[in-house]
Amino acid sequence: MSKAVNTLFESHLDLKLINRGKVRDIYEVDETHLLIVATDRLSAFDVVMPQPIPGKGEVLTRVANFWFRRTEHLLPNHLSGLSLEEVVKDPAQRAELGDRAILVRKLKPLPVESIVRGYLIGSGWKDYQQTGQVCGIPLPTGLQQADRLPEAIFTPSTKAELGAHDENIDFEKTAALLGESLASQVRDFSLKIYTEAAAYALERGIIIADTKFEFGLDEAGKLHLIDEVLTPDSSRFWPADQYRPGISPPSFDKQFVRDYLETLDWNKTPPGPELPQEIIDRTAEKYREAEKRLTGR
């Protein structure tokens, strides 16, 4: 019999809380380290839902850590060598956190989100229908929704304040923000990590249609992978056996929640509506299935 999944909507630790985001709670450990908790909160259409998805934060953290380990030969990341026992002294608080917490080094985050698209879906598909391009990058004519692109493309965006929407930018704007050399590094590493990870996932029955990376710099100006990486929250995962071009495939994330919300008369502003238990359960199951396929856990 599997153990019951504990649920954490909001963390409360004996540390200084720096930020409570849509999903993550960030605490200061000391001058050089942070503790990041991936809670079970779920945000859809940039609104946090009133109920958590049991176990979601643990899945996100374990999947991100799996990818951090798999990509460290390409690029260093923000994981520190600290253990949770060193930082969270209270055993009850540690038990409540479960696998949701990571201890990371403080790095200077870059002001862009690095989005890589391998398939034509979402805002990219809308853009292509109107312009024949995605974020200013010309694509072949005659592509269908969800088609695999000839090669993955780098389509960064600016990071918006909480409640605002990110804005897609082209490479020239990225270079203006970061400098030509750093922008090129970010683009090249983003494409390399995505390409390796997508090939690995495909062998395990998951298509990574697109994903978002975040990067930061250490004091020496060296680039690091930060935040989360290749999780069902930062990526679009599709089951390979249900994929076919021309339709939007089902996904391993909060798609059940999004689909349900689209049936409601709701203006997509807070507060979010109550979710039926069936939607919560099916969403939790999708997150667990993604983890199992990718990591074998």
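**Rings and a helix face**

Me: Is Tyr 119 buried or exposed, and at what relative accessible area?
Reply: Buried means under 20% relative accessible area, exposed over 50% and partly exposed in between, using a 1.4 Å probe and protein chains only. Tyr 119 falls on the buried side, with a relative accessible area of 7%.

Me: What kind of model is this?
Reply: Residues are numbered from 1 along each chain as its sequence is written, and side-chain values use heavy atoms, leaving out hydrogens and water. Local features need pLDDT of at least 70, side-chain atom pairs count only at pLDDT 80 or more, and totals for chains, interfaces and linings use all residues, as this is a predicted model.

Me: How many aromatic pairs are there, and which residue pairs with Tyr 119?
Reply: Rings of Phe, Tyr and Trp (its six-membered ring) pair if their centres lie within 6.5 Å; planes under 30 degrees apart are stacked, over 60 edge-to-face, the rest tilted. Searching the whole structure turns up nine such pairs. In one of them, edge-to-face with 5.5 Å between centres and 70 degrees between planes, the partner of Tyr 119 is Trp 238.

Me: How many residues apart are Tyr 119 and Trp 238?
Reply: Strands (E, at least two residues) and helices (H or I, at least four) are DSSP runs numbered from the N terminus. Trp 238 is buried too, at 1%. Tyr 119 is in strand S8 and Trp 238 in strand S16 (residues 235–239), so this pair links distant parts of the chain, 119 residues apart.

Me: Why do the buried residues of H5 line one face, and within what arc?
Reply: Helix H5 (residues 171–178) buries Phe 171, Thr 174, Ala 175 and Leu 178. Looking down the axis, those residues line one face because they fall within a limited arc, taken from the directions from the helix axis to the C-beta atoms. That arc is 100 degrees.

Me: Which residues are exposed on the other face of H5?
Reply: The buried residues have cover that includes strand S8 (112–119), strand S11 (148–154) and helix H6 (180–203). Turned away from that buried side are the exposed Glu 172 and Ala 176.

Me: Which residue's charged end sits over the ring of Phe 171?
Reply: A charge sits over a ring if NZ of Lys or CZ of Arg is within 6 Å of the ring centre and within 35 degrees of the ring normal. Here, 4.5 Å from the centre of the Phe 171 ring, sits the charged end of Arg 187.

Terms used
Contact = heavy atoms within 4.5 Å.
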